[in-house]
Amino acid sequence: MKKVLYIVSFTFLGLLLSFILHALLEIWYIKILVSNFARYGLGMDWKTWFQLHYYWSGSMLLLGGIWGFIAGKYWWRQIYVLGKYRKGKS
């Protein structure tokens, strides 16, 4: 049970970090688009940018979950299986 909770928590952390990274990138790029859409719009209209947003959001969310799951399994192994990072270990 402890292992499942540990990995689920790391997966949730990965989802949260991907959400924050996505928000920061999106705020930054929307500011650029609004300031000069003709220059930074890459030849796309707003409808295309909204569609791109949905794909980008889903991809980042999926990658964040995968990263969190892999990180959880890795750190579980490092700390509990291999016994690294224990108190009093020299």
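This is a predicted model: local features need pLDDT of at least 70, side-chain atom pairs count only at pLDDT 80 or more; totals for chains, interfaces and linings use all residues.

Visitor: In what order do the elements of the protein run from the N terminus on?

Guide: Residues are numbered from 1 along each chain as its sequence is written, and side-chain values use heavy atoms, with hydrogens and water left out. Helices (H or I, at least four residues) and strands (E, at least two) are DSSP runs, numbered from the N terminus. Here the order is α-α-α, with three helices and zero strands.

Visitor: What radius of gyration does the protein have?

Guide: This radius is taken over C-alpha atoms, and the rule for a globule is 2.2 Å times the number of residues to the power 0.38. The protein has 19 Å, whereas a compact globule of 90 residues would have a value near 12 Å. Its C-alpha trace spans about 60 × 25 × 15 Å along the principal axes.

Visitor: How are two packed helices described?

Guide: They are described by the angle between their axes and the distance between the axes. Axes are lines fitted to C-alpha atoms, for helices over the stretch in contact, and angles run from 0 to 180 degrees between N-to-C directions. In this model the axes of helix 1 and helix 3 (residues 46–81) come within 7 Å and cross at roughly 150°. Helix 1 is therefore roughly antiparallel to helix 3, a term for angles over 145 degrees. The residues of this contact divide into 22 nonpolar, ten polar and four charged; Ala, Val, Leu, Ile, Met, Phe, Trp, Tyr, Cys and Pro count as nonpolar, Asp, Glu, Lys and Arg as charged, and the others, Gly among them, as polar.

Visitor: Is S18 buried or exposed?

Guide: Relative accessible area decides: buried means under 20%, exposed over 50%, and partly exposed in between (1.4 Å probe, protein chains only). S18, found in helix 1 (residues 2–35), counts as buried because its relative accessibility is 8%. Apart from neighbours within four places in sequence, S18 is in contact (heavy atoms within 4.5 Å) with M60, L61 and G64.

Visitor: Which residues is W75 in contact with, leaving aside its neighbours within four places in sequence?

Guide: They are Y6, F10, Y80 and Y85. W75 lies in helix 3 and is partly exposed, with a relative accessible area of 30%. The C-alpha atoms of W75 and I7 are separated by 8.9 Å, although these residues are 68 apart along the chain.

Definitions and conventions:
Angles under 35 degrees count as roughly parallel, over 145 as roughly antiparallel, 65 to 115 as roughly perpendicular and the rest as oblique.
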